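Here is a short tour of a protein chain, meant to be read with the model open beside you.

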Amino acid sequence: MLVQRLLNILLLISFSFCYLEWPGDHSTFFYQLELTILTKEGDLLNTLTHPLILTGILSQLILLICIVYPKPLNKLNGIGILALSLLVLFILLVGLLGMNFKIIASVLPFLLLASYYFYKFKPFRKPALIQ
C-alpha cells in the first residue's frame, strides 16, 4: 500500500514535468500549463470542458484520491493512470513525429513508472475462479 501511494506521487510529479514545445519558441511543462489554465481570467468553463484538459485534471484527481484513501482502490487507480498514460503517449507521438528529444526524454519517466505500476499491481486482472 505504501509502495502504491509512493508510486502515485511519483506519477503525478513525472506527469507534471512532461514537456511541450510548439513553433514560435513556445514551450512549457504540464504544471505550468495547468497553472495558466486555472488562473487565466476568461471562460474557465469552456477551457475545462476540453476533452484533453478534462481527462488530465480528472485523472490527476483520481490519483490524489487514491493517495489519501486508506484502502487501495486498484481499479480506480488503474483507470487514472491509464487515462494519464494515453495523454502522455499522445505527447510521445508528437515528440517522435517532430524528432524532439526533449519531449521524448520528458515523458519516459512517467511511462516507466506507469509500466511498473501495471506490472506490479495488475489492476485489471480477472479474479481466479474457485472450484
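The largest pocket has a lining of 16 residues, and those nearest its centre are L20, F30, L33, L52 and I91. Please keep in mind that this is a predicted model.

**Overall layout**

- Read from the N terminus, the elements of the protein chain follow the order α-β-β-α-α-α-α-α.
- Along the principal axes, the C-alpha atoms of the protein chain fill a box of roughly 65 × 35 × 25 Å.

**Helix 1 with helix 6**

- Helix 6 spans residues 101-121, and its axis comes within 9 Å of the axis of helix 1, with a crossing of roughly 155°.
- Because angles over 145 degrees count as roughly antiparallel, helix 1 and helix 6 are roughly antiparallel to each other.
- The crossing of these two helices is left-handed.
- On the helix 1 side you will find V3, Q4, L7, L10, L11, S14 and F15, which meet P109, F110, L113, A114, Y116, Y117 and F121 of helix 6.
- By class, this contact of helix 1 with helix 6 has 12 nonpolar and two polar residues, with no charged residues.

**Helix 1 with helix 5**

- Helix 1 also packs with helix 5, here at an angle of about 20° and with the axes 12 Å apart.
- Angles under 35 degrees count as roughly parallel, so helix 1 and helix 5 are roughly parallel to each other.
- Helix 1 and helix 5 cross in a left-handed sense.
- Helix 1 brings Q4, N8, L11 and F15 to the contact, while helix 5 brings N74, N77, I81, L84, L87 and V88.
- The residues of this contact of helix 1 with helix 5 divide into six nonpolar and four polar, and no charged residue takes part.

**Helix 4 with helix 5**

- Helix 4 covers residues 51-68 and helix 5 covers residues 74-97; their axes lie 8 Å apart, at an angle of about 145°.
- This crossing of helix 4 and helix 5 is left-handed too.
- From helix 4, the contact takes in L52, T55, G56, S59, Q60, I62, L63 and C66, and from helix 5 it takes in L76, N77, G80, I81, A83, L84 and L87.
- Sorted by class, the contact of helix 4 with helix 5 has nine nonpolar and six polar residues, and none that are charged.

**The largest pocket**

- The space in the largest pocket comes to about 370 Å³.
- Strand 1 (19-22), helix 2 (30-39), helix 4 and helix 5 are the elements that each give two or more residues to the lining of the largest pocket.
- The lining of the largest pocket has 13 nonpolar residues, one polar residue and two charged residues.

**The largest cavity**

- How many cavities of 30 Å³ or more does a search of the whole structure find? There is one.
- The largest cavity has a volume of about 40 Å³.
- Its lining is made up of M1, Q4, R5, N8, C66, Y69, K71, P72, L73 and N77.
- Helix 1, residues 2-16, gives three residues, the largest share of the lining of the largest cavity.
- In terms of class, the lining of the largest cavity has five nonpolar, three polar and two charged residues.

Note on methods. Residues numbered from 1 in each chain as written. Predicted model: local features only at pLDDT ≥ 70, side-chain atom pairs only at ≥ 80, totals over all residues. Heavy atoms only, no water. Axes fitted to C-alpha atoms, helices over the stretch in contact; angles between N-to-C directions. Helix = DSSP H or I, 4+ residues; strand = E, 2+ residues; numbered from the N terminus. Left-handed = near helix turned anticlockwise from the far one by under 90°. Contact = heavy atoms within 4.5 Å. Nonpolar A, V, L, I, M, F, W, Y, C, P; charged D, E, K, R; others polar. 1 Å grid on protein atoms, 1.4 Å probe; cavity = no way out; pocket = protein on both sides within 12 Å on 5 of 7 lines; lining within 4 Å. Points joined across faces, edges and corners; volume = space filled by probe spheres on them. Parallel < 35°, antiparallel > 145°, perpendicular 65-115°, else oblique.
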